[in-house]
Amino acid sequence: MFARFDRLVSHRFIALVRKELNQIKRDRRIMLSLILPPLLQLMLFGSVMNPSVTNLQLGVVDDSRTPVSRDLVAALGQSGTFRLRTLYASTGAMGDAISKGTIDAGVVIPYDFARDLARGRPVTVQVLLNAMNANTAAISQGYIQGVVQSFNQTLRHPPVQTAIQPMPAAAQRGVALLKPTLLYNPGGVTTWFIVTGLLGVLLLMNGTITASTTMVKEREAGTLEQLLMTPASISEIIVAKIAPPFFLLGITGLVAMAVLQFYFHVPFRGSVTLLVVTSALCLLCGIGIGTAVATVTKSAQQAQLAIFFLNPPLISLSGALMPAEAMPSWMRPFTVVNPVYHYGVIARATLIKGSGFIDLWPNVVALLIFAIVLVSVSVWRFRRQLG
Amino acid sequence: MRIDSLKRVVAQTRKELTELLRDRLAIALALLLPLIQLALLGSSFALIVRDLPIIVQDYDDSTASRELIDQFRASLTFRIVPWPTDSKPDIAFANGQARGALVIPRDFGRHIARGMNADVQIIVDGSDANTAKLVSGYAGGVVRSFNQAHGGGPMPTGVQTAIRFWYNPSLSSQKFYAPGIFVMALSMFPPLLATLAMAREGELKTILQVYVSNISAHEFVLGKVLAFVAVGLAEASVLLVFLFSFFGIRLAGDPTPFVLSTLLYTFCVASFGVMVGAAIPNQGAAMQAVMFGGFLLVFMLSGLMFPLSNVPVGLRWISILVWARYYIEIVRDAFLQGGGWPAVWWKVLAIGVIGTGFYAVAWRRMRRMQLEM
């Protein structure tokens, strides 16, 4: 073990690393592509990809035209979820507006709304939601029902209520009132979920791309044979090739974490060490995949294409951008064999929930196994190709 | 004269298609990969969670509390996992065993029976804020139905809501996302092939043969574009069959805007590919440019995943120029909303305008290089 380690940091190895570093330094494009795109992608994706439900345009048909009905409409528009846009004269006109997309939701208040409320009769208000986007519709539904519930609570006390006849015994039971609490994220900031998932996506994406291009480049230029003729062993060559992009991307990863903290204000509740170590593992997985791809493709262009088709399924089946629990059940087992999934779970839990290694060890172990397997497969492929 | 010109266009198109059909990788790119992408992404894109593990801390243990728990157990959204009452729910959240906790306080049943209101708490893991909001909304629904079943009812005098989900009553995420992925595939693969074909002519210098031949810039560009329009339409039909059969998506209204805009859109993306290929005579670089326009812009700024209104204003204006944005809206209208021409006419127009712009740039690029006859 020690002897092997000794061999790895020999002069030969250092010379190889220096050669790689010089190559990277000389090629401004590689240097830039290692640092700039990941950060830009993080900031851009992080601010653009946002599932929050705000500013939905609300149309109203108020046939009641009373202070009470206006109170209800005002209550619906109180938070940022709905913005009152137009009052319509008829339901038909409002329906047309929904189908044209000018408004996202409509409320119809019947003409006997205030009268029935005053008399203590139940009133039904119709709500039309454009449910094309199921998520938006489901969240608006919960929101509307919450508003109406608290509106009913305010109705409970007016003097009209005292005149109501005692209700039959069966109906005299009390009601359960639900108090929802958002743990770890009381403000309900939706970007935290996306950016913590993006971290893994970026590590994987950039790891695969840089690894495959640096590996293929040497072969395309025909200089690989020259490297093989040096006294360095194949493992030394590979490790020396992997090390510089690994460290450079690692630095980029650290900067990305700073972006998370200072630009997106993600709380850093858990162990940063755990996050850094697992980030390194995730990066190794990416580099392993990229190297393996480079050994089966013939040109940089082919490698690029192959990576381009490998990454989307890895990302879409990772639960990094959308919750894994929302996937159809036949797809969910696939997430277990996806390093991005495990890294996403770890990043989210350590940063936002403050979980530690004791809570996350299955994911950490899985990531470790993937890193080892992927890197050894790529080394094996590389060796076989040259042998 | 015109017949001759038409013949040359057709010849160019035929040459392009023959070249394509010989290349197995290209056929896979054109037909197989989009299909895989549609199947994978179309099924996996969803925000609405099902079967979310929650734990229950019942400090009351009365008939009423058990009935409430049963209501939660019956819901498709929640799955109750066992958890000892004496350990804190945070631990279950930290290791991901549970994403929510229902806490029923002592005396819950007694309060209900006495006609008083009783508070129940649902603590939701906020690390995924969207899911947390969904879950608290669903939990509210479960509690409401508990109240209704138990005679208390949500205030006998109160306001009740009758919510109608238009266009997607089952709240299926696939009905929203699958058409979007269809658009993404159509924005990616035809221009990718077009740009590779065009850049290859530049790389191999076969473009010089075109310059000195008697084919005009219009004929050449149009011939190329038409070939990839054909590729795009073939791809669109394959994907549509899949959409109809696998995802069970149906046309909601007048299909003419969709049909016309599909023709225009394939023209638009094919022209985009040819334009990029003409501008960058290097296959690798041209491919990256197409990936930026055909994938990144579509993915981020067309409303494919998340509503465009959530994009910060400083970036949102870019979406005005993103061709896929208009097509996505037309496709969603055709498959879900059914608004027809009055809702989408200007979007069809926008695609046509952007496509013509691409074509014009590609043509100018060719014109400049062509020898004067």
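How many residues of chain A are in contact with residues of chain B? In this predicted model, local features need pLDDT of at least 70 and side-chain atom pairs count only at pLDDT 80 or more, whereas totals for chains, interfaces and linings use all residues. Residues are numbered from 1 along each chain as its sequence is written, and chains are lettered from A and ligands numbered from 1 in the order in which they are written. The answer to the opening question is that 94 residues of chain A are in contact with 97 residues of chain B, two residues being in contact if their C-beta atoms, placed from the backbone, lie within 7 Å. On the side of chain A that touches chain B, helix α7 (residues 134-155) of chain A gives the most, with 17 residues; helices (H or I, at least four residues) and strands (E, at least two) are DSSP runs, numbered from the N terminus. Sorted by class, this side of chain A has 56 nonpolar, 29 polar and 9 charged residues, where Ala, Val, Leu, Ile, Met, Phe, Trp, Tyr, Cys and Pro count as nonpolar, Asp, Glu, Lys and Arg as charged, and the others, Gly among them, as polar.

Each chain is also divided into domains, with bounds that come from an automatic or database domain assignment. In chain A, domain 1 covers 28-50 + 190-386 and domain 2 covers 56-160, and their C-alpha centres lie 47 Å apart. In chain B, domain 1 covers 2-45 + 171-369 and domain 2 covers 52-149, with 49 Å between the C-alpha centres of the two.

The strands can be followed across the chain boundary. An open sheet of 5 strands, with mixed pairing, has the order β5(A)-β4(B)-β3(B)-β1(B)-β2(B); two strands pair if DSSP finds at least two bridges between them. At the edges stand β5 of chain A and β2 (78-80) of chain B, each with a single partner strand, so one side of each is left without a neighbour in the sheet. Neighbouring strands here are turned by 30° against each other on average, direction ignored; axes are lines fitted to C-alpha atoms, for helices over the stretch in contact, and angles run from 0 to 180 degrees between N-to-C directions. Where the chains meet in this sheet, strand β5 (residues 176-183) of chain A and strand β4 (residues 118-125) of chain B run parallel and are joined by 8 bridges, and A:Leu183 has B:Asp125 as its bridge partner in β4(B). Helix α6 (residues 129-149) of chain B lies across β5 of chain A together with β1 (52-58), β3 (100-104) and β4 of chain B, and runs at about 165° to β5(A).

Another open sheet of 5 strands, also with mixed pairing, has the order β2(A)-β1(A)-β3(A)-β4(A)-β5(B). Its edge strands are β2 (82-87) of chain A and β5 (159-166) of chain B, each of which pairs on one side only, and the twist averages 25° from one strand to the next. Helix α5 (residues 91-100) of chain A packs on the sheet, touching β1, β3 (105-109) and β4 (123-130) of chain A together with β5 of chain B, and its direction makes about 170° with that of β1(A). Helix α7(A) likewise packs on the sheet and touches β1, β3 and β4 of chain A together with β5 of chain B, its direction making about 170° with that of β5(B).

What remains is the packing of helices. Helix α12 (residues 300-316) of chain A and helix α11 (residues 283-301) of chain B pack at an angle of about 20°, with their axes 10 Å apart. These two helices are therefore roughly parallel to each other, since angles under 35 degrees count as roughly parallel, over 145 as roughly antiparallel, 65 to 115 as roughly perpendicular and the rest as oblique. The contact is made by A:Ala300, A:Gln301, A:Gln304 and A:Phe308 of α12(A) and by B:Gln283, B:Gly284, B:Met287 and B:Met291 of α11(B); by class it has 4 nonpolar, 4 polar and no charged residues.
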